[in-house]
Amino acid sequence: MWEPLCVSNVENIVKEWLPLPDVAEMLDVSITKVHALVKDGSLLSARVGERNIRAVPAEFISGDHVLESLRGTITVLHDAGFEDEEAILWLFTDDESLPGRPIDALREGRKTEIRRRASALGW
């Protein structure tokens, strides 16, 4: 069973963070749209760095769009009671039974398995 790490570890478990203005540039949208994506659960963000800025894990972005399987997975994690930073920790924590990290499985197109596992966390 997965157990959450200390939420303060979120900054260290993700290798690369993108500040929200950089995400807006990559997606070719306004910063307001990026804030809306975070608010509606299409993206997760956390406050990181010395300046405590809001940023998104770089692996959530695929080319010029948000990873397609991310929004539904975030919804399942929120339904299971996860806060945003806890969801990021879960997505980026190695799981020997996969093997690998849930975010890697999502990027490989294995969203059904990841969502099933995320759903089971709520029980």
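The model is predicted, so local features need pLDDT of at least 70 and side-chain atom pairs count only at pLDDT 80 or more, while totals for chains, interfaces and linings use all residues. Residues are numbered from 1 along each chain as its sequence is written, and side-chain values use heavy atoms, with hydrogens and water left out.

Let me begin with α4, residues 70-79, whose buried residues are Leu70, Thr73, Ile74, Val76 and Leu77; buried here means under 20% relative accessible area with a 1.4 Å probe, protein chains only, and helices are DSSP runs of H or I with at least four residues, strands being runs of E with at least two, numbered from the N terminus. Seen down the helix axis, these buried residues fall within an arc of 160 degrees, taken from the directions from the axis to the C-beta atoms, so they line one face of α4. They pack against β5, α5, α6 and α7, where contact means heavy atoms within 4.5 Å.

Turning to α3, residues 31-39, this helix holds Val34, which counts as buried because its relative accessibility is 0%. Not counting residues up to four places away in sequence, Val34 touches Leu20, Val23, Ala24 and Val29.

Notes: Buried means under 20% relative accessible area, exposed over 50%, partly exposed in between (1.4 Å probe, protein chains only).
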